[in-house]
Amino acid sequence: MQMRDREIRPEVYWVGAIDWDRRLFDSLIPLPDGTSYNSYLIKGSEKTALIDTVDPTMRDVLIDRLSQLGIENIDYVVANHAEQDHSGAIPQVLGKYPEAKVVCTPRCKGMLIDLLMIPEEKFIMVNDKETISLGDRILEFIHAPWVHWPETMLTYLREDKILFPCDLFGSHLATTDLYVTDEGQVYEAAKRYYAEIMMPFRTNIQKNLEKIKDYAIDIIAPSHGPIYDRPEFILKAYHSWVFDEPRNIAVLPYISMHDSTRKMVEYLAEDLAQRGVGVKQFDLTVADIGKLAMALVDAATVVIGTPTVLGGPHPNVVYAVALVNALRPKVRFVSIIGSYGWGGKTVEQLSGMIPNLKVELLEPVLCKGFPKEADFRALDNLANTIAEKHKGFIAGFYPLGQ
Ligand code: FEO
């Protein structure tokens, strides 16, 4: 890869690493398309700055790229975020460029000392809206907590109108394309990324979008995935994900052991579809949890399907419901359906597991053994209630940001 091809603006370079084969993040999040750790070098007329670094597994790639560019001096290593996929190579950069200072928020400083044992004297802490001059260019630091941890900030290169938002607006997508070329593909990857990583912080993101709305932005250069040279594409997508009403969609994650719950889920899905409600059904024994998270970005209702096993919900359902609660989607309604053999506390246990969701619990439908006529009528009632509750919500998933 020729580094001159990676020049975004004169003397502003991408110096990141592409991780084609990574398939899991945080030992939790599936990465079907790998990812990248984007680092950026800015050579000002007087000072040189590096914006974020790379995952520690790829530290040598970053150091090699800096060598290829002939970089002999770095004055500032800007750490927008302390998580190791961006900060993990800071110790190696400081080893090669010992004059460099780490520029970050006060909270980030403490976290980098905790995580990477970077010496206290290496830091320059910056306040919200504070600037640093590189000579002919100015870096402005915009504190933006909770995108993705509490210490995060965004960096804005004023003269070139480039926003470096680190995790915010990113996508887990390994590609040699410097810029977005296939907006459909990137929309999917960015939505998955938002669903899995950013959605729990939706209200913080609303505030941060408000905070940057008056900045002139020509380019958004995130630290995962391709760069946006048409920033309104991702800004509009985020706007709909965090601000808009949910859509006329019900998500049905379920487990079935002996087909009773499956029969109920399939019946309800058909019933909802006939009433004009969009349905996304997930058999949790085979589902990609990332796809479930993506469906939750849009959904107004979640109906959890589970058999009663050992007196409560199936453990795989417990896992999925814990995840839904943690992701804090903007769903408005939840219900529980499924079968039992002789009793249990499935509804009490599941309904107690979603304190983060501001939802109305719709009448559950639990049947003894295989569902019978009365159970199907109860499912009809549930489908009718959901369709009524969804009146006014727009059909279909949020459209690609145009
Ligand atoms: Fe890409 Fe929160 O790290």
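Analyst: **Burial, salt bridges and the domain contact**

In this predicted model, threonine 105 counts as buried because its relative accessible area is 4%, under the 20% limit for that class. Threonine 105 sits in the loop that runs between strand E10 (101–104) and helix H4 (106–116). Once neighbours within four places in sequence are set aside, the residues in contact with threonine 105 are Met125, Val126, His143, Glu151, Thr152 and Met153.

Tyrosine 156, a residue of strand E14 (residues 153–157), is likewise classed as buried, with a relative accessible area of 6%. Its contacts beyond four places in sequence include Ile138, Leu139, Glu140 and Ile142, as well as Lys161, Ile162 and Leu163. Tyr215, Ala216 and Ile217 are also in contact with tyrosine 156; for isoleucine 217, which is 61 residues away along the chain, the C-alpha to C-alpha separation is 8.7 Å.

Turning to charged pairs, the rule counts 22 salt bridges. In one of them, the side chains of glutamate 183 and arginine 230 meet at an N to O distance of 2.9 Å. Since glutamate 183 belongs to helix H5 while arginine 230 lies in the loop between strand E16 (219–220) and H7, this pair ties together parts that are 47 residues apart in sequence. Both partners are partly exposed, glutamate 183 at 23% relative accessible area and arginine 230 at 28%.

A further salt bridge joins glutamate 210 to lysine 213, where the closest N and O atoms are 3.9 Å apart, a value to be read against the 4 Å cut-off. Here glutamate 210 is partly exposed, at 42% relative accessible area, whereas lysine 213 is exposed, at 52%.

Glutamate 245 and arginine 332 also form a salt bridge, with 3.2 Å from N to O. Glutamate 245 lies in the loop between H7 and strand E17 (249–254), and arginine 332 in the loop between helix H10 (315–327) and strand E22 (333–340), so this pair links parts that are 87 residues apart in sequence. Glutamate 245 is partly exposed with a relative accessible area of 45%, and arginine 332 is partly exposed with 32%.

The domain assignment divides the chain into domain 1 (6–243) and domain 2 (249–392), whose C-alpha centres lie 38 Å apart. Their contact draws 15 residues from domain 1 and 14 residues from domain 2. The area buried between domain 1 and domain 2 is about 1300 Å², with carbon and sulfur atoms giving 61% of that area. Lys191, Arg192 and Met199 account for 38% of what domain 1 buries against domain 2, more than any other three residues.

Two salt bridges cross the interface of domain 1 and domain 2, and four residue pairs are in polar contact across it. On the domain 1 side, the elements that give two or more residues are helix H5 (183–198) and helix H7 (232–243), and H5 makes the largest contribution, with six residues. By class, that side of domain 1 comprises nine nonpolar, one polar and five charged residues. Lysine 191, one of the three residues named above for buried area, forms a salt bridge with aspartate 298, the closest N and O atoms being 2.7 Å apart.

Definitions and conventions
Residues are numbered from 1 along each chain as its sequence is written. This is a predicted model: local features need pLDDT of at least 70, side-chain atom pairs count only at pLDDT 80 or more; totals for chains, interfaces and linings use all residues. Side-chain values use heavy atoms; hydrogens and water are left out. Domain bounds come from an automatic or database domain assignment. Contact means heavy atoms within 4.5 Å. Buried area is the accessible area (1.4 Å probe) that two parts lose on being put together, summed over both. A polar contact is a pair of N or O atoms within 3.5 Å; within protein, one must be able to donate a hydrogen and the other to accept it, and residues adjacent in sequence count only if both atoms are side-chain atoms. Helices (H or I, at least four residues) and strands (E, at least two) are DSSP runs, numbered from the N terminus. Ala, Val, Leu, Ile, Met, Phe, Trp, Tyr, Cys and Pro count as nonpolar, Asp, Glu, Lys and Arg as charged, and the others, Gly among them, as polar. Buried means under 20% relative accessible area, exposed over 50%, partly exposed in between (1.4 Å probe, protein chains only).
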